[in-house]
Structures are given as structure tokens and as C-alpha cells.
Amino acid sequence: LRRKRYIASWYDAGLLTVPGISTRPRLEGDASWLYTIKVDSSVYGLDSCALMTRLAEGGIETRPLWTPMHRLPMYERNECLGSGVVADDLWHNCLSLPSGCGLTEGQQEAVIMAIRALAREV
């Protein structure tokens with residue numbers, strides 16, 4: 001847990017000032033199992049899919065958030081799940097960054113620098 005929290009705090013510090021990239025607030029006791037960012041394409045210059053592609057071209061593997069339940073075939077007619085507007089927004093705009101316990105500071109810094117470099121390509 002200490003390592004996962006350290007990784008999250010390092011990402012928070014490195015990405016805090018990147019326009020169009022937001023992170024979620026850390027709660028006390030947060031396990032920081034995944035580290036996910038939200039991309040505002042109108043500010044950042046790329047949407048989350050394009051960012052994922054560009055990072056992959058540089059050898060950095062990321063993943064979109066999980067498909068919302070209301071989008072899965074088995075639940076598409078389930079009215080209890082609601083409209084899914086918030087879930088769809090997160091699904092389309094969020095990206096999970098490498099955050100395994102074996103991630104080195106150098107590797108993490110490479111992820112941060114790549115995201116910073118791709119911001120509006122400046």
C-alpha cells in the first residue's frame with residue numbers, strides 16, 4: 001500500500017500543472033490500486049484515445065477505464081442502471097496509467113514527461 005500511494009503521489013505532483021489533465025482527489029486510506037487521469041481534449045489537445053495511441057507509440061502501455069455496465073450486452077435492457085451519463089463520460093475521457101508496484105521512478109518519470117510533452121504538442 002505504501003508503494004502504491006507513493007506512485008500516486010508522484011503522478012499527482014508531476015501531472016498537477018498539465019493543462020487538460022485532471023486527477024482524482026486522494027482519500028485517506030486510499031489504496032491507489034489504479035492511477036487514472038481524466039483528459040479534457042479541448043484543453044489538452046488530444047482526447048484520451050489519441051493520448052493512449054501516442055503513448056503506446058513511445059512504448060508506454062495505458063488502458064481506458066472499464067466499459068460501463070449499461071454498455072455490456074447482458075445489461076443493455078436493464079433499466080435499473082440508469083442513463084449512464086457519468087459512466088460514459090468517464091469511459092470516454094479517462095485513461096489508467098502504469099502503476100504496478102514494480103514501476104521504477106525512472107519509468108514513471110518517462111510517463112509523466114511523455115504526457116507533458118504531448119500537451120498541445122508544445
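Author: E3 and E4 pair in the antiparallel sense, over two bridges. Strands here are DSSP runs (E) of at least two residues, helices are runs (H or I) of at least four, and both are numbered from the N terminus. Two strands pair if DSSP finds at least two bridges between them.

Reader: What stands opposite Pro64?

Author: Leu95, in E4.

Reader: Before we go on, what kind of model is this?

Author: A predicted one: local features need pLDDT of at least 70, side-chain atom pairs count only at pLDDT 80 or more, and totals for chains, interfaces and linings use all residues. Residues are numbered from 1 along each chain as its sequence is written, and side-chain values use heavy atoms, with hydrogens and water left out.

Reader: Back to the sheet. What's the strand order?

Author: E1-E2-E4-E3, an open sheet of four strands with antiparallel pairing. E1 and E3 (63-64) are the edge strands, each pairing on one side only.

Reader: And the overall pattern along the sequence?

Author: It reads α-β-β-α-α-β-α-β-α. That comes to five helices and four strands.

Reader: Tell me about H5. How many residues?

Author: H5 has 14, residues 105-118. It reaches 20 Å from first C-alpha to last, close to the 20 Å expected at 1.5 Å a residue. The expected span is 1.5 Å times one less than the number of residues.

Reader: Which of its residues are buried?

Author: Gln108, Val111, Ile112, Ile115 and Leu118. Buried means under 20% relative accessible area, exposed means over 50%, and partly exposed lies in between (1.4 Å probe, protein chains only).

Reader: What do they pack against?

Author: Helices H1 (2-15), H2 (41-44) and H3 (48-57), plus E1, E2 and E4 (94-97).

Reader: Which residues does Tyr11 touch?

Author: Leaving aside neighbours within four places in sequence, its contacts include Gln108, Val111 and Ile112. Leu97 and Pro98 are also among them. Contact means heavy atoms within 4.5 Å.

Reader: New topic. Leu27, buried or exposed?

Author: Exposed, because its relative accessibility is 62%. Leu27 sits in the loop between E1 (21-23) and E2 (35-39).
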